[in-house]
Amino acid sequence: MTATTPTKTVHIDNFIGGEYVRSSGGKTFETINPATGKVLGSVALGTADDINDAVAAAKHAFEKGPWPQMSIAERAHILKRIGDLIIARQDELARAESLDTGKPISESLNGDIPRAALNFHFFAQYAASIGEESFSSNPGERHLAIREPMGVCGLITPWNLPLYLATWKIAPCLAMGNTCVLKPAEWTPYTAYLLADIVNVAGLPKGVLNIVNGFGPDGAGEALTTHPDVRSISFTGATGTGKAIMKNAAATLKKVSFELGGKGANIIFADANLEEAIATSVRAAYRNQGQICLAGSRLFVQKEVYKEVVEKLAERVGKIKVGDPLQSSTEMGALISQEHMEKVLSYIELGKQEGKVLTGGERITELGDGYFLSPCIIEGLNADSRLLKEEIFGPVLPVVPFASEEEAIELANSTPYGLSASLWSENVNRCHRVSQKIRSGMVWVNCWFARDLRTPFGGQKSSGIGREGGRYSLEFFSEAKTISYKYS
Ligand code: NAD
């Protein structure tokens, strides 16, 4: 059965000053449905001129508009309404997200879209918790430490969780009274386009949120990172892109926050609840076709239980239902693009030469021209294999046995990345010891992807700079200022 093809293509414009607009040069590019390989729609090709217009609109809205002057409660009211409207339109948004990304509709409907709404609901309420501090060490003096909005912020997002990650930046940015320009990933512009309509209906003042589509280098992305009126860049994407952005943003000394790549270790000790560890490891490795920065993309299993775990894992992975993303029973959809699928296949080819494929790893041509791969497990790799060091960002799980706790820690830390890790053990002392020795921004103990939006989210080493979430986001999207008084 081949995947669903919509009857008509869409056209996606930029959104500047509260209006949908074509690109300044009138040019467009195509967005492809990964499940069919066919054109889903045409997209305004944003240029440096469009970025100039968008930044000017955002600057005007910041300097002349009501947004930064509104009370936190007034802003919260509008942000909450945006969240409500996302929920009201969740079927439409989930379908658009799955058509654009190839992810199963069940994930869009139960994961990405509700989370996008939650990002607005959460920050609408949480922004009020940012208080001001007052210090008074000398008589007759008082020092107030306040936070104020920064101005125009640049937001750049990837294709794997389009609306989820765009709103993770937009909501705290706006909650703190800033205005912004979003540059969505070129592969997945659809839901940001729908969000523009939602913010207008919700009553967000014009120019507070602007969206320019297009590419990174030499395109809209780069123009945003070099624009002198943009005060900060919040970027989620690949590590190499983060380095390029940092270089480009240096000339105008922008504040940056980078959420970059990952190569999550998933460690199963022999004393773990194996049933739960195996079931969760399957989700951690293959959710969103393995295209998640937080994926458990390296599995380390203590040798006493290695055979049992790997056999059960392979059996379950072999049963994952890969198919049309729009079917509710589909568990794994299509990879984002032909180019990305070929990159993932090249890692699988290398894995075949260096180790042994236990299941999957083939293109599924019976599903038509879409970019479908069968979920893959590979064992027998050397510790220095590229499959264990580099981010594959696909449904490929290398598994490696280990003997001791020390060896597991060493294996977990042996990549340039340090975003997230999971460990499974019923020994609480071991859980404490190991979680503290793993060099990553997040460690899940006997779980994966458990989140509280107040906690810091971000990576160590090559996985990022700074943290987002809760007060970390609110601090990033604001400037601290001290006002000192003398009185008699
Ligand atoms: P990417 O870096 O190729 O692109 C991300 C965004 O950056 C896109 O909008 C792109 O157009 C833009 N861009 C590219 N080059 C640019 C430049 N020179 N200047 C300005 N903008 C530029 O990443 P991707 O392929 O879209 O996403 C996958 C990557 O994102 C993976 O590495 C994944 O781990 C990472 N990611 C990280 C997190 C996290 O929270 N740490 C979350 C999701 C994805």
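Predicted model: local features only at pLDDT ≥ 70, side-chain atom pairs only at ≥ 80, totals over all residues.

Tutor: Let's start at strand β11, which spans residues 230–236. How many of its seven residues are buried? Six are, so the strand is mostly covered, given that buried means under 20% relative accessible area.

Now look at what pairs with β11. One partner is strand β8, residues 152–156, and the two run in the parallel sense over five bridges. If you want a pair to click on, take Ile156, whose bridge partner in β11 is Phe235. Another partner is strand β12, residues 255–259, which also pairs with β11 in the parallel sense, over five bridges. Here Ser234 stands opposite Ser257 in β12. To get from β11 to β12, the chain crosses through helix α8, residues 239–250, and this β-α-β crossover is right-handed.

Next, the ligand. There are 31 residues around the ligand, and those that come nearest are Lys183, Glu186, Thr241, Leu260 and Glu391. Thr241 has a polar atom to show for it: an N or O atom in the Thr241 side chain is 2.7 Å from an oxygen atom of the ligand. Backbone atoms take part as well. A polar backbone atom of Ala238 sits 2.9 Å from a ligand oxygen, and for Gly237 a backbone N or O atom lies 3.4 Å from an oxygen atom of the ligand. On its own the ligand has 850 Å² of accessible area, and the protein covers 91% of that.

Is Ala192 buried or exposed? Buried: its relative accessible area is 6%, and the cut-off is under 20%. Apart from neighbours within four places in sequence, Ala192 is in contact with Leu163, Leu182, Pro184 and Ile211. For a sense of distance, Ala192 and Pro416 are 224 residues apart along the chain, with 32 Å between their C-alpha atoms.

His340 is buried because its relative accessible area is 9%, whereas Ser346 counts as partly exposed because its value is 44%. Setting aside neighbours within four places in sequence, the contacts of His340 are Trp159, Gln291, Leu335, Ile392 and Phe393. As for Ser346, 283 residues in sequence lie between its position and that of Glu63, and C-alpha to C-alpha the two are 51 Å apart in space.

Finally, here are two backbone angles to check. Gln289 has a phi near 60°, a positive value in a residue other than glycine. Gln289 belongs to the loop between α9 (274–286) and β14 (296–302), and it counts as buried because its relative accessibility is 0%. Lys461 is not a glycine either, yet its phi is positive at about 50°. Lys461 lies in strand β21, residues 460–461, and with a relative accessible area of 31% it is partly exposed.

How values were computed
Residues numbered from 1 in each chain as written. Heavy atoms only, no water. Buried < 20%, exposed > 50% of the residue type's maximum accessible area, 1.4 Å probe, protein only. Helix = DSSP H or I, 4+ residues; strand = E, 2+ residues; numbered from the N terminus. Pairing = 2+ DSSP bridges. Right-handed = clockwise from strand over helix to strand, strands pointing away. Near = heavy atom within 4 Å. Polar contact = N/O pair within 3.5 Å; in protein donor to acceptor, adjacent residues only side chain to side chain. Areas by Shrake-Rupley, 256 points an atom, 1.4 Å probe, with all protein chains shown as cover. Contact = heavy atoms within 4.5 Å.
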